[in-house]
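Hi there,

Here is the structure I promised to pass on. Have a look at it first, and then read my notes below.

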Amino acid sequence: MDITLESVAAGMRQARYITNQRVETAVFLALALGKPLLIEGPAGAGKTEVAKVIAAMLGTELIRLQCYEGLDEARALYEWNYQKQLLRLQADEASGQRWEEISEHLFSRAYLLERPLLRAISAPRKVVLLIDEIDKADEEFEAFLLEILSDFQVSVPELGTLKAHERPVVVLTSNRARELSEALRRRCLHLFIDFPGIEQERRIIELKVPDLDARLAADAARIVNAIRKLELKKAPSIAETLDWARALVRLGVKELDTPALRVTLGLLLKHEEDRERVEAKSSALAARPR
Amino acid sequence: MSGLRAALLDFIADLRTAGVRISIAESLDAMHAVAAAGIERVPMREALAAALIKDEADRPIFDEIFIRRFAPPPLPAGARRGPARRSGTFGAAGGPNPSESASGAKTASPESENEPAPATRQPQATDSRAKASPSRNSLDGASAERDSELAARSGDGSSEYDPASARESDLKRSYDAPSHDLAGGSEAARAAALRAIEQTPFSRYSDLEYETARDALAILKRRFRARLARRLKLAAAGRIDLRRTLRAAIQHGGSLGELRFRARRPRHLELLILADISGSMKYASALMLKLAAGAAGAFRRARSFVYIDRLAEAGFEHGRLVMTPPLDLYARSDFGRVLAELTARRAELISRATVIVIMGDGRNNRRPARANLLRDLGLHARSILWLNPEAPERWNTGDSAIGQYARAVDAMLLARNLREVEEGLSRIG
């Protein structure tokens, strides 16, 4: 695929991702300059989806590393397959082989368990590496990641240095549960994805839930937008909006009035306090502006 | 391209002057980004933003400086704006040479959702990308909007184009960008507001700043909660689980190939907050109490007290601070007396798991400081942190007894603004 701004825009559109110039330019630059793309924004705004869309656009594999507290190099990079090594060791000992001969096999690629980072580096073709929710990982892991993102090579003491044949497209996402280091930010292009505006969300609903009446889609987008402006424990994500829209279709709702809104609020709000707060304002939310 | 390079360097210098931290590597990235994305206004703006802006809270500053640096060229007074002049070029304040930028014919649609739109803009019924794509190569969104503005103002087309008001309008759009752009969750706008208010010193607070800070506190609470939870969990990690390690070794023929560690358990800390709510301290204390209340779930027990010359339990009802019993807000501060009261209630309030956090300036109206009582309380508690919103140069001046208290606590921390309060509270554990 020839990487131009236009081709990226077209590719994302083809992958059914409704986007804007900011997202397109950032994705284009990540591909054109070969730099990691750090995407920040609230949970459920479509950050992870960008990586999936890039993979679909390039027609390549998406390798995902889901970060969590306590994630270490062994889980992210590689591990030796101890069980397999032991079996081999016992078999070789029984056949009377010397240690020099045994150790030659034991520390070869056949006994290496490749974790997402190594899989991305050793992939024979360009892949998309999604490092999801990097803010959940420990700071030590973030520091370790800096080395990988700089050189795209890994040193395995027994095997030597493994260098990427093709630099993967790296997408990192963060919900800002903690501040990422300046060093990591410096190495990445940055993109902030917020919840879409009313118009953009309406287009998303129409694209993903075509069975929903256009008027209801507009109302749904408007109501979700208003709900997100309230101080809630958890604002509805785009996926929840789509679930709600699908539910409206299945329930045969013709008019998004107060009763319909109240009955279906559970699809948008997952905390009782949030539900109570929105229910109290449901009449105002359901009223269509003149 | 040297003109463009110089313009970009000036632009980066302006950003640095405005407080945006940009490394040399990021400057080089910006050059590469512009080389890749081209010098049409909107792609260039977004390319520069992706390379230079690593915190969405800096985006309004970026937009403002971008508009100023790469303002569209002013048209000669009296000239009617016609198709021939509709080029997406830069000029004016250090912008690139017009010959370096692309130009073309105008298309009808505004650029994208990201480009701020005039109030009269109608929602597009069809996929705007399909319309926007050709326009990206021909004319920037801002010019298109200005054209429509011009058309709207001129009516019959006879009015003159006013570059000053056009620039003002550009600037306004720049400021408006987040609210328009993020009409949904407005997380970025909230983050920007928080960034500004969290660096404002409490000494400059009025009721207005306090209201703003209170509104922006939701993001800070979430961040603080996550930060504290991590700290409390991490602190307990690291012990080897011998039984699980041996069991794992059996699978490997008895060799200790893998070490297994005990599960991380949150430590069972208790929190006791003492906050001075006398006149000079009221904003800092109220915000600190709210922030700490957001993380109360991380502790086995969390109790908050406010004081002036006596102690009163603090709570929040509908967002308002409630004291039990009510304190005389016009009383003169006397922390020594508060310490005596606390010592009398020590068994009820303090255990070896208690972290005591004090927010105060240590100004005691020349009454006995009784720092020895604080030292004694520290012997029965896990630790004592003192957050002081007063600038260090004012410590130990006048009626300040902060020096005596500093010797009795584990840490005396500066808490001049919300950010420092969060930093200080994050040291709990």
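**What I found**

The secondary structure of chain B comes to 16 helices and seven strands. Helices here are DSSP runs of H or I with at least four residues, strands are runs of E with at least two, and both are numbered from the N terminus. Please keep in mind that this is a predicted model, in which local features need pLDDT of at least 70 and side-chain atom pairs count only at pLDDT 80 or more, while totals for chains, interfaces and linings use all residues. Residues are numbered from 1 along each chain as its sequence is written, and chains are lettered from A and ligands numbered from 1 in the order in which they are written.

**Chain B and its sheet**

Of the 429 residues in chain B, 43% are buried (20 or more other C-beta atoms within 10 Å of a residue's own; exposed is 12 or fewer, partly exposed in between, with C-beta atoms placed from the backbone). Among the contacts in chain B with a separation of 6 or more, 70% are between residues 24 or more positions apart; a contact has C-beta atoms, placed from the backbone, within 7 Å.

The seven strands form an open sheet with mixed pairing, in the order β4-β3-β2-β1-β5-β6-β7 (chain B). Two strands pair if DSSP finds at least two bridges between them. At the edges are β4 (320-324) and β7 (411-414) of chain B, each pairing on one side only. From one strand to the next, the twist averages 30°.

Two hairpins are worth a look. β2 (residues 301-307) of chain B pairs with β3(B) in the antiparallel sense over three bridges, and a hairpin of three residues joins β2(B) to β3(B). Here V306(B) has A312(B) as its bridge partner. Next, β3 (residues 311-317) of chain B runs antiparallel to β4(B), joined by five bridges. F316(B) stands opposite L321(B), and E317(B) has R320(B) as its bridge partner. Two residues lie between β3(B) and β4(B) in this hairpin, and H318(B) in the turn has a positive phi of about 50°.

**Helix packing**

Two packed helices are described by the angle between their axes and the distance between the axes. Axes are lines fitted to C-alpha atoms, for helices over the stretch in contact, and angles run from 0 to 180 degrees between N-to-C directions.

Between the chains, α2 (residues 21-33) of chain A packs on α2 (residues 24-37) of chain B at about 105°, with the axes 10 Å apart. α2(A) and α2(B) are therefore roughly perpendicular (65 to 115 degrees; under 35 is roughly parallel, over 145 roughly antiparallel and the rest oblique). The contact involves T25(A), F28(A), L29(A), A32(A) and L33(A) of α2(A) with H32(B), A33(B), A36(B) and A37(B) of α2(B). By class, the residues are seven nonpolar, two polar and no charged (nonpolar: Ala, Val, Leu, Ile, Met, Phe, Trp, Tyr, Cys and Pro; charged: Asp, Glu, Lys and Arg; polar: the others, Gly among them).

Within chain A, the axes of α11 (residues 214-229) and α12 (residues 238-250) come within 11 Å and cross at roughly 140°. α11(A) and α12(A) are therefore oblique to each other.

**One loop residue**

P42(A) is in the loop between β1 (37-40) and α3 (47-58) of chain A. P42(A) counts as buried because there are 24 C-beta neighbours inside 10 Å. P42(A) and S174(A) are 132 residues apart in sequence, yet 8.4 Å apart in space, C-alpha to C-alpha.

Best wishes

How values were computed:
Two residues are in contact if their C-beta atoms, placed from the backbone, lie within 7 Å.
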